[in-house]
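Biologist: I would like to learn how to read a model like this one. Please take me through it feature by feature.

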There are 2 protein chains.
Amino acid sequence: MDEFALIRRYFAALTPAHPAVALGIGDDCALLTPPPGEQLAISSDTLIAGRHFPRDTAPADIGHKALAVNLSDLAAMGAQPLAFTLALTLPQADEAWLAAFAEGLGALARASGMALIGGDTTRGPLSISITVLGSVPPGRALRRDGAQPGDLVCVTGTLGDAALALQQLQVGQSPDPVLRARLDRPSPRNAAGLALRGLAHAGIDISDGLCGDLGHVLDASGLGAELQVGQLPMSDAFARSVMPAQRLRLQNGGDDYELCLCLPPAALAQARAACGALPLSVVGRVVAAPGLRMLDASGAPLPAPDSYQHF
Amino acid sequence: MDEFALIRRYFAALTPAHPAVALGIGDDCALLTPPPGEQLAISSDTLIAGRHFPRDTAPADIGHKALAVNLSDLAAMGAQPLAFTLALTLPQADEAWLAAFAEGLGALARASGMALIGGDTTRGPLSISITVLGSVPPGRALRRDGAQPGDLVCVTGTLGDAALALQQLQVGQSPDPVLRARLDRPSPRNAAGLALRGLAHAGIDISDGLCGDLGHVLDASGLGAELQVGQLPMSDAFARSVMPAQRLRLQNGGDDYELCLCLPPAALAQARAACGALPLSVVGRVVAAPGLRMLDASGAPLPAPDSYQHF
């Protein structure tokens with residue numbers, strides 16, 4: 001099967017017509033009509049087999065996750081998802097693999113209102129590089145540099161599920177299905193990101209671990225924070241399986257795709273209402289003194305765990 | 001060196017401030033202010049070591065070529081280059097390699113007026129996936145579906161140089177430096193693409209070989225064409241080195257990054273003037289009957305050579 005037949009069969013009709021897409025897959029470029037008066041939010045993320053997902057991950061889950069981690073970047077900016085390109089590198093054109101991958105990718109794209117507008121397919125070691133485009137009114141994006149002293153540090157959902165599932169896989173255990181689903185099929189928090197525009201001062205998604213990612217917000221804002229590690233939210237499945245000594249490391253293990261937000265205390269109730277059924281937990285407070293301090297339940301300092309290292 | 005130090009050192013200041021970029025590298029997404037009233041042209045292309053460039057290619061040339069092949073897609077649409085993201089997968093963070101790669105990439109980006117606005121760096125087998133964004137007034141893009149019967153089929157520059165250099169490398173010969181430069185540092189035809197808006201009915205870039213790429217234009221336009229293979233333009237370096245029996249195959253070998261355009265005969269003189277010093281050669285004519293027919297100097301039909309196969 002040549003590249004063009006592959007694209008026609010699996011990708012050309014993956015997403016329905018979208019009002020912003022003037023020309024979709026099939027030309028040298030796609031043509032997008034940006035929503036008038038809005039800015040475009042753009043991000044690219046690559047997933048490599050064996051590094052960003054276990055090699056035995058189901059192809060539908062790989063398709064889901066590749067788009068989910070990119071959607072998470074739009075969520076962290078409070079941007080409305082619009083469209084994406086897919087650069088797919090495959091060892092061979094395996095039709096069963098492609099059909100399942102496209103199904104997982106397409107289901108999340110359709111659920112998110114995103115159009116697949118183009119990309120590239122090449123032969124090589126399995127990797128998926130996606131670029132997402134979203135829109136946001138000028139001045140309304142959730143940037144990293146807007147935190148203020150006194151802001152509450154909040155996180156959506158629960159932390160550590162994916163890292164625990166991965167650790168269990170690495171030692172040959174079979175993870176709880178709830179944890180495995182959090183590793184393989186993360187739920188990007190786009191509805192929350194949109195709802196928190198105008199409420200949160202700053203936002204980031206937790207892909208590399210809370211400490212490192214919050215550290216980027218603090219660096220960009222020229223501030224520090226105190227984190228109450230006992231307040232880090234955990235799922236029931238995580239609480240049942242985790243060994244206490246590993247809890248903090250795993251809750252900072254990354255691959256969570258939750259949002260970390262800095263918001264004024266007066267906005268907390270409204271922010272929680274905006275998140276609906278998604279829990280929004282207060283885990284710390286922004287302070288003027290630079291640096292991130294981790295405190296246990298007694299207020300005693302703890303050493304910060306390592307963040308995910310890309311190299 | 002962690003990912004963030006790597007990005008700060010080699011990529012954060014690679015391109016100067018750009019009026020369309022409201023927020024560049026360093027947040028979850030970049031923010032772009034699209035030129036008012038224009039459409040955005042978007043394309044992604046991936047280069048894999050050993051497949052899209054020889055493994056011994058100089059890193060500065062890899063940086064140049066990775067952006068050039070993407071710029072070529074903007075050229076083929078007649079879109080003004082704006083910005084790009086870079087998803088870079090590297091076996092290790094080799095600082096000398098990175099410095100040279102960034103130099104080659106940055107020089108072409110600056111010469112093209114493009115801003116690097118974000119991306120991703122991951123560890124894995126060397127590959128570079130770039131997404132480019134450009135702008136074009138609505139209705140002015142050079143699409144594939146606009147060819148008309150009677151149009152002249154034209155190509156910019158010369159064909160076959162890169163394919164001949166690659167063939168020579170593959171058999172252990174040292175290519176003529178002019179040919180090797182055409183393989184390693186292709187010149188995307190963005191000025192020509194912009195100048196031909198409103199003159200050409202259809203356009204495509206010649207990345208996979210003229211026959212296959214022109215075939216896409218003809219398929220999209222529901223038409224056919226006759227090509228005079230004796231008219232395919234060749235460089236002096238190509239003419240000196242090529243064996244006559246290989247000429248047609250190499251001139252259809254791809255990796256040229258020239259433009260193929262369909263334009264009305266009355267527009268030829270103006271189109272040539274618009275291309276300035278870049279030659280614009282007439283190589284055939286669009287006809288109503290579907291299919292691509294190759295004709296030799298006597299008008300006798302020739303079999304069509306194969307196009308580049310991605311899989």
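Biologist: Start with a helix. Which residues of helix α10 of chain B are buried?

Modeller: A caution before that: this is a predicted model. Now the general idea. An α-helix has 3.6 residues a turn, so residues three or four places apart point the same way. Here, α10(B) spans residues 268-275, and its buried residues are Leu268(B), Ala271(B) and Cys275(B). They cover an arc of only 60 degrees around the axis, so they sit on the same side of α10(B).

Biologist: Which exposed residues does the face turned away from the buried side of α10(B) carry?

Modeller: That face has Ala269(B), Gln270(B) and Ala273(B).

Biologist: On to strands. How do β9 and β12 of chain B run, parallel or antiparallel?

Modeller: The general idea is this. In a regular strand the side chains alternate between the two faces of the sheet. Then look at the pairing. Strand β9 (residues 224-228) and strand β12 (residues 291-295) of chain B are parallel, joined by five bridges. One bridge pairs Gly224(B) with Gly291(B) in β12(B).

Biologist: In which sense does β12(B) pair with β13 of chain B?

Modeller: Antiparallel, over two bridges, with β13(B) covering residues 301-302. Leu295(B) has Pro301(B) as its bridge partner in β13(B). The two strands form a hairpin with five residues between them. In that hairpin, Gly299(B) has a positive phi near 90 degrees.

Biologist: Now one residue in detail. Where is Gly203(A), and is Gly203(A) buried or exposed?

Modeller: Gly203(A) belongs to strand β8 (residues 202-206) of chain A. Its relative accessible area is 0%, so Gly203(A) is buried.

Biologist: Which residues is Gly203(A) in contact with, beyond its neighbours within four places in sequence?

Modeller: In chain A they are Ala76(A), Leu142(A), Arg143(A), Arg144(A), Cys260(A) and Leu261(A). From chain B, Asp28(B) is in contact with Gly203(A) too. Also look at separation in sequence and in space. Leu263(A) is 60 residues from Gly203(A) in sequence, yet their C-alpha atoms are 8.9 Å apart.

Biologist: How many disulfides does the structure hold?

Modeller: Zero, over all chains. Cys275(A) is in none; the nearest cysteine sulfur belongs to Cys154(A), 8.8 Å away. Cys275(A) is buried at 9% relative accessible area. Cys29(B) is in no disulfide either, with the sulfur of Cys260(A) nearest at 16 Å. Cys29(B) is also buried, at 2% relative accessibility.

Biologist: Which residues of chain A does UniProt list for "domain: PurM-like C-terminal"?

Modeller: The unreviewed UniProt entry gives residues 148-293 of chain A. That span is 38% helix and 22% strand, and its end C-alpha atoms lie 16 Å apart.

Technical notes:
Residues are numbered from 1 along each chain as its sequence is written. Chains are lettered from A and ligands numbered from 1 in the order in which they are written. This is a predicted model: local features need pLDDT of at least 70, side-chain atom pairs count only at pLDDT 80 or more; totals for chains, interfaces and linings use all residues. Side-chain values use heavy atoms; hydrogens and water are left out. A disulfide is a pair of cysteine sulfur atoms within 2.5 Å. Buried means under 20% relative accessible area, exposed over 50%, partly exposed in between (1.4 Å probe, protein chains only). Two strands pair if DSSP finds at least two bridges between them. Helices (H or I, at least four residues) and strands (E, at least two) are DSSP runs, numbered from the N terminus. UniProt positions are given in the numbering used here, feature names are shortened, and annotations may be inferred rather than shown by experiment. The arc is that of the directions from the helix axis to the C-beta atoms. Contact means heavy atoms within 4.5 Å.
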